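Work through the exercises below with the sequence and the model open. Each task is followed by its solution in steps.

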Amino acid sequence: MTRLSDEMEALAGEYALGTLDAAERTAVEARMAIDPAFREAVRAWQQRLAPLDDTAPPLVPDPALWSRIESQMNLHPPERTRFRSGSWIAALWDNLGFWRPLGLASALAGLVLAVTLALTIARGPLKPDYVAVLNTADGRAAAVVNVYADGTVNLIPLEDIAVPQGRIIEVWTLQSREQGPVSIGRLDRARSLKLDLRNLGRPDVNHLFELTLEPPGGSPTGKPTGPILMKGLAARSI
Amino acid sequence: MTLLARYGSLEAAILACASGDRMALRAIYEAEGARLLGIAFRMLKRRAAAEDVVQDTFLTLWEQARRFDGRPGHGRAWLTTLLRNRTLNVLRGEARLDLVEDFEPLGLHAAGESAEEAMTRLSDESALKRCLEGLEEARRRIILLAFTEGLSHGEIAARLGTPLGTVKSWVRRSLLSLKECMG
């Protein structure tokens, strides 16, 4: 196993210990998402300190607690797609899942941006000019749209999307109020997709991207008709 | 026979949750609910807040069971990490305001008592206890307070009246010597 520097080792330990503030925790989680050796170091620290958790006197829950959990199970159905094991998205999402959706929405958008950038930088010169983080109604970052200098635009989902039988997902962009939303792609399930913006202006800051549920073959009116799954504004990357 | 025994192991029950087996979640709750609530209560010191975190943890477990890697013996650690992360989010996040405005009386434990208690409750055979005993008392106390009560650097500094920089460097050095000692 790669030996981490003392600094990284201590940081992993502090994350497991719990002394970091919210911003530092966010930074560590971003690091865990892209650095397997660091992720393993955090796990090792969690194991080392685990016996201390067992020293907390158990507290029998009020019977009402189970009723509350049970009554909400239907609202949180088990995810059906196995996240690619060990992939950075899986690791990232493991951590994102814990985050308070609204309170940390901005930190979260920042993290997704940071990781997306770190990843593209690591892969070479290809770096998106613009990035849009698409959030669900309850504030979870559920997909990222990257806009590259060569005009390529792609959508990368960060979580599975429940698509009802007989519906597809349509991707829209809104560049101006006068033009209204324009369809730029369709997909049957959550997967990465190259988007088609040939007939549009170049994506720019504050252009909106959103995903809606539509009938097979796409919206019959050419404008969004179904519920919005997620949306977000493009921001310039640095 | 406990409900969990029907699944053979905690890990098997977590995997059963992934396929939508509601009884499996109940089995895990019966086996782990009181332990998890105890951990959250020790950190949050408010019963209602601790129960909220346990509720969140079980719903997350139900929703995300597929993300568990299934490694034998890792189920408890996975579950505890879910709970600790959520608890720390409450302690560090905006929810802190809720805690301040929550007038539910504090638990009976005097602040800091949990640190001493945790030390005495650790098994004498555990490497963690042996290595913690190797730390200077003031530094050991900081590590215990941080973990059992979820205190941040700043909170520890305020609680002990020690400068923030000192607390940070003590924590850092204590962790590195713990690692050295435990391997």
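Two residues are in contact if their C-beta atoms, placed from the backbone, lie within 7 Å. The model is a predicted one.

**Exercise 1.** Find where B:Glu63 is placed, and state which residues B:Glu63 touches, not counting residues up to four places away in sequence.

Solution.
- Step 1: B:Glu63 belongs to helix H3 of chain B.
- Step 2: Leaving out residues up to four places away in sequence, B:Glu63 touches A:His76, A:Pro78 and A:Glu79.
- Step 3: The C-alpha atoms of B:Glu63 and B:Ala18 are 7.5 Å apart, although 45 residues separate the two along the chain.
- Step 4: A residue is buried at 20 or more other C-beta atoms within 10 Å and exposed at 12 or fewer. B:Glu63 has 18, so B:Glu63 is partly exposed.

**Exercise 2.** Decide whether A:Ala56 is buried or exposed, and list what A:Ala56 touches.

Solution.
- Step 1: A:Ala56 sits in the loop between helix H3 (36-53) and H4 of chain A.
- Step 2: A:Ala56 is buried, because 21 other C-beta atoms lie within 10 Å.
- Step 3: Not counting residues up to four places away in sequence, A:Ala56 touches B:Gly38, B:Ile39 and B:Arg42.

**Exercise 3.** Describe the contact between the chains from the side of chain B.

Solution.
- Step 1: Chain B gives 58 residues to the contact and chain A gives 47 residues.
- Step 2: Helices of chain B that each supply at least two residues to this side include H2 (22-44), H3 (47-64) and H10 (164-182).
- Step 3: The side of chain B that touches chain A has 26 nonpolar, 16 polar and 16 charged residues.

**Exercise 4.** Describe how H4(A) packs on H3(B).

Solution.
- Step 1: Helix H4 (residues 63-72) of chain A meets H3(B) at an angle of about 35°, and their axes are 10 Å apart.
- Step 2: The crossing of the helices H4(A) and H3(B) is right-handed.
- Step 3: H4(A) contributes A:Leu65, A:Arg68, A:Ile69 and A:Gln72, while H3(B) contributes B:Glu51, B:Val54, B:Gln55, B:Phe58 and B:Leu59.
- Step 4: By class, this contact has 5 nonpolar, 2 polar and 2 charged residues.

**Exercise 5.** Check the span of H2(A), then explain where its buried residues lie.

Solution.
- Step 1: Helix H2 (residues 22-34) of chain A has 13 residues and should span 18 Å at 1.5 Å a residue; its end C-alpha atoms are 19 Å apart, which agrees.
- Step 2: The buried residues of H2(A) are A:Ala22, A:Arg25, A:Val28, A:Glu29, A:Met32 and A:Ala33.
- Step 3: Viewed down the axis of H2(A), these buried residues fall within an arc of 145°, so they line one face of the helix.

Definitions and conventions:
Residues numbered from 1 in each chain as written. Chains lettered and ligands numbered in written order. Predicted model: local features only at pLDDT ≥ 70, side-chain atom pairs only at ≥ 80, totals over all residues. Nonpolar A, V, L, I, M, F, W, Y, C, P; charged D, E, K, R; others polar. Axes fitted to C-alpha atoms, helices over the stretch in contact; angles between N-to-C directions. Left-handed = near helix turned anticlockwise from the far one by under 90°. Expected span 1.5 Å × (residues − 1). Arc of directions from axis to C-beta.
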